[in-house]
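Trainee: Please take me through one part of this model closely. I would like to look at the nonpolar core and what surrounds it.

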Amino acid sequence: MSTTTTNDSGARRAAPAGERLADWADGRLGIYSLAKSNMRKIFPDHWSFMLGEVCLYSFIIIILTGVYLTLFFHPSMNEVVYNGSYVPLQGQLMSEAFNSTLHISFDVRGGLLIRQIHHWAALIFLAGMFVHMMRVFFTGAFRKPREINWLFGFLLFVLGMFTGFTGYSLPDDLLSGTGVRFMEGAILSVPIVGTYISFFLFGGEFPGHDFVARFYSIHILLLPGIMLGLMVGHLILVFYHKHTQFAGPGKTNNNVVGMPLLPVYMAKAGGFFFLVFGVIAAVAAIATINPIWAIGPYRSDQVSTGAQPDWYMGFAEGLIRAMPGWEINIWGHTLVLGVFIPLVIFPLVLAAIAVYPFIESWVTGDKREHHILDRPRNAPTRTAFGVAWITAYMVMLVGGGNDLWATHFHLSINAVTWFVRIAFFAGPVVAFVATKRICLGLQRRDRDKVLHGRESGIIKRLPHGEFIEVHEPLSQEQLHTLTAHEQYVPVEIGPLVDEHGVERKLKGSEKLRAKLSSAYYGELNQISKPTADEYKEITSGHGHH
Amino acid sequence: MSSQDIPEENLPAAQETTLDKVTGADEKHPFADPGLPPHEHRIQDIDERAAKRSERTVALLFTVSMLATIGFIASFVAFPADKSIYVFPIGHISALNFSLGLTLGVALFAIGAGAVHWARTLMSDVEVADERHPIEASPEVKSKVLDDFRQGAKESALGRRKLIRNTMLGALTLVPLSGVVLLRDLGPLPETKLRHTAWRRGKLLVNMNTNQPMRPSDVAVGSLTFAKPEGLEEHDEEFQNEIAKAALMLVRLQPDDIKDKKELEWSHEGIVAYSKICTHVGCPISLYEQQTHHVLCPCHQSTFDLSDGARVIFGPAGHALPQLRIGVNADGYLEALGDFEEPVGPAFWERG
């Protein structure tokens, strides 16, 4: 800061306009200090790091198009007679919500496009979050210090599901209304308070006259508001922690290697926003989504076949379809287990993946920061758990479309349902075992490559007639990369008796932890990576097997 | 491939001497980190003509974007909202939606492609390393903060003046109650509303399609007919709520085929009336298989046997569909002989 006014004005005249503007802002916002650490911030490069960007950008697209849609949408359940330009529905009774959605689709120029972009972006947002979450999971990016950011991301995924569901319900068409009815039926199954929650949510009996307006404020204000906050927090933490990176030459746990935010990532990430937006706009131009005019307005006594929710609710739908219809009647009350159990399993399955980072860090007892990503093969038990989880999820996704599987593949609906019921339990077990074995196989292969080099495919005949395959040794970079991962040693539980021969009191949790630890890092559960001595031994002359 | 192609150092005899990799960096990392690989120049870094080509490509993409935006505005003006065009292989689609979407898509995508191409070919691609610093504060910072906190807590006297603390906690706990109380009027209490429908003794069964009362002869064998109680009209204020419970399906069976005794008793000339609302989560049932007398809910595939008290034979529903007792009035029209005796639709805690 200059101390005299003359100096100040002199500097002002000399500096270009942009700098003067920045000076002005710095004096009020302190932007220089902020930019000092962030403008040339380094981001590592890997294709999987853009999955999170897809989520961020589709969220922005959803907000932009959503604001546009609110300009035309009437969140009202008043019944009106349609007299817009879509001929087949003229003269029909429908809610104002449905009427205004038809208006957006047929009479507002570009309205249909924005509606379709909004819906497509929502599907991509949810799919993006799912895949992004898997990326973070399988590479162990959720480890300290990023557990809280993992939870932020998880909450975004769950809230995204509900924001999607409430938005999907707003047009009040026959399909979405059926989905809302399903939700009401599920709420009714809750013991003791179910009917009360349902009556309070719907302002009385289903469907009532209120739910569209109520879902509207939840969909456009409450949930997106929370999500926006979480997303900002998520990004601040990404900046604060600095991005993770894969192991490689020059990359350590104490640095981050990549290119600077300005200009490379400004251009790449900024450009990527336009790529995502452009692709979604083109998809919305070509592929119709949720043609509510073909589905018709909601009537509580009508339904169409092949009723399906959006994909992200397919898992919940599968649970409700696969569950046997258990009901217990006792003391004048009904316990609707056939609906209530799926309603409980749904959040439990989601929670299993949410709390995983805390379970793993308890098993390892590792309190250090981790910034180098794991290759999935190097964490076989974690990878196997993740694949088992995805298997359960996918089985239920199949279950959510059991009627479509039956009709498209000419199967019996009963057979598909029974398959789903069994596979929900058996599938994850099979997937766990198979994945773990594949991971261990890949670890063995890496070990082999380090010790014996890369198979070159060249067969050489030696002068005395012996054939050998030529193995090309790996470069120092490759050797380092393939052996950079850390291998834990299973937790020792210690002797069961103390030095006086008295049995030690062991807490159950300690025993469990030791068991889990050996399941994670025991002899058969990871392939010990080659040591320098082994390498020297093999490469020092008598190593060509 | 002849043996001359094999690099000499890869031959077994040579390997013994060339494999002098740096090993034993430390216990955990058997192979030392060789450090960042040297930067490899792209063609644009060394050949100005290639760089110029890149520049032109980027500029072309940005120009395409501008043209596409003009195309967007032109489409908006040119195409009426109801014009439909044939586009292979999609079929007949809205000309406006298609042209607006494609031009917008191209306009956006070209900006993105231009920016990414610019970044990849012309901006520096030298990898740089930044230091990371531990997130945890140093012990000095931590003890300073804890001291400050203790000082602040002491100055507030919260620990010493228990009366203030307890009453404050009490007040802060109670005040959200107002918000909870305010939610009370979100809806009425359930009371017994879920137990009653619009059906009463003597209400005629009105055909959903024709809006006319029905005679037994109107219900053909093998067909599924939907009915509502007389007096309930589409434009009624509470139509949706009432029909959500009162929707009825009628099927005519051969009386001999009816296995359930009560079902036979409550039927008329083989015509049975069941609630159309699935007992699982409340979807309206709409699929009827006349050979087996099964009805199937299209939402979750619960299947009910209408010839056997509508008991559940497959799927997630927990109990049979409620039956409505019907008869014929003096004029020969089908009528209800009362309301459903049990609640229709999904089960709930108070159902019993």
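Mentor: Start with a term. A nonpolar core is a set of buried Ala, Val, Leu, Ile, Met, Phe, Trp, Tyr and Cys residues joined through C-beta atoms within 7 Å. Keep in mind that this is a predicted model.

Now the core itself. The largest one has 185 residues. Those with the most contacts inside it include I117(A), A121(A) and F125(A). F277(A), I280(A), A281(A) and L248(B) are also on that list. Which helix gives the most to this core? It is helix α4 of chain B, residues 95-121, with 16 residues.

Look at F277(A) next. Leave out residues up to four places away in sequence, and F277(A) touches Y57(A), I61(A) and L108(B). There is also a second, separate core of six residues. Among its members are L474(A), L479(A), L482(A) and F31(B).

Both cores name residues of chain A and chain B. How many residues does each chain bring to it? Chain A gives 111 residues and chain B gives 97 residues. On the side of chain A that touches chain B, the largest share comes from helix α11 of chain A, residues 261-286, with 18 residues. Sorted by class, that side of chain A has 54 nonpolar, 39 polar and 18 charged residues.

Strand β5 of chain A, residues 255-260, is joined to strand β3 of chain B, residues 128-131, by four bridges. The two strands run antiparallel. Within this pairing, find V257(A): it stands opposite A129(B).

Step back to chain A as a whole. It holds 20 helices and ten strands. Of its 545 residues, 44% are buried. Take the contacts in chain A between residues at least 6 apart in sequence: 73% of them join residues at least 24 apart. The C-alpha atoms fill a box of roughly 95 × 85 × 65 Å along the principal axes.

An unreviewed UniProt entry lists residues 21-247 of chain A as "domain: Cytochrome b/b6 N-terminal region profile". Over residues 21-247 the chain is 68% helix and 4% strand. The end C-alpha atoms of that stretch are 42 Å apart.

Last, check the confidence. Chain A averages a pLDDT of 92, and 97% of the residues score at least 70. Residues 1-7 of chain A are below 50, with three contacts in the model beyond near neighbours in sequence. Where pLDDT is low, the predicted coordinates should not be read in detail.

Conventions: Residues numbered from 1 in each chain as written. Chains lettered and ligands numbered in written order. Predicted model: local features only at pLDDT ≥ 70, side-chain atom pairs only at ≥ 80, totals over all residues. Contact = placed C-beta atoms within 7 Å. Nonpolar A, V, L, I, M, F, W, Y, C, P; charged D, E, K, R; others polar. Pairing = 2+ DSSP bridges. Buried ≥ 20, exposed ≤ 12 C-beta atoms within 10 Å, placed from the backbone. pLDDT = per-residue confidence, 0-100. UniProt positions renumbered as here; feature names shortened; annotations may be inferred.
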